[in-house]
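Look at the structure first, then read the points below.

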Amino acid sequence: MEKLQRLLAARGLYRGKINGRFDWRVEDAVSEFQYDRGIDHMEWGFYGPVTRKALEG
């Protein structure tokens, strides 16, 4: 989870502590990223394969 937090922070979407926890701040940041990228709403808030590929790729 720390990697996810760092990737989101690098995009200015996550401003919380890098602690490896998937809390509401991480979920909100993931959802915002997904919305901005037009990722299917069925995956919003979930760090699934489509989101992972878009964020890490």
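Which residues make up the largest nonpolar core? Leu4, Leu7, Leu8, Leu13, Tyr14, Val26, Ala29, Val30, Phe33, Ile39, Tyr47 and Leu55 do, 12 residues in all. The model is predicted, so local features need pLDDT of at least 70 and side-chain atom pairs count only at pLDDT 80 or more, while totals for chains, interfaces and linings use all residues. Residues are numbered from 1 along each chain as its sequence is written, and side-chain values use heavy atoms, with hydrogens and water left out.

**The core**
- A nonpolar core is a set of buried Ala, Val, Leu, Ile, Met, Phe, Trp, Tyr and Cys residues joined through side-chain atoms within 4.5 Å.
- Buried means under 20% relative accessible area, exposed means over 50%, and partly exposed lies in between (1.4 Å probe, protein chains only).
- H1 and H2 each supply at least two residues of this core.
- H2 gives the largest share, 4 residues.
- Helices (H or I, at least four residues) are DSSP runs, numbered from the N terminus.

**H1 against H2**
- Helix H1 covers residues 2-10 and helix H2 covers residues 24-37.
- Their axes come within 10 Å and cross at roughly 55°.
- That makes H1 oblique to H2.
- Angles under 35 degrees count as roughly parallel, over 145 as roughly antiparallel, 65 to 115 as roughly perpendicular, and the rest as oblique.
- Axes are lines fitted to C-alpha atoms, for helices over the stretch in contact, and angles run from 0 to 180 degrees between N-to-C directions.
- Leu4, Gln5 and Leu8 of H1 make the contact (heavy atoms within 4.5 Å) with Val26, Ala29, Val30 and Phe33 of H2.
- By class, this contact of H1 with H2 has 6 nonpolar, 1 polar and no charged residues.
- Ala, Val, Leu, Ile, Met, Phe, Trp, Tyr, Cys and Pro count as nonpolar, Asp, Glu, Lys and Arg as charged, and the others, Gly among them, as polar.

**H2 against H3**
- H2 and helix H3 (residues 49-56) pack at about 80°, with axes 11 Å apart.
- H2 and H3 are therefore roughly perpendicular to each other.
- Val30, Phe33, Gln34 and Arg37 of H2 meet Thr51, Ala54 and Leu55 of H3.
- The contact of H2 with H3 has 4 nonpolar, 2 polar and 1 charged residues.

**Two single residues**
- Ile39 touches Phe33, Gln34, Trp44, Val50, Thr51 and Ala54, not counting residues up to four places away in sequence.
- Arg6 sits in helix H1.
- Arg6 counts as partly exposed, at 49% relative accessibility.
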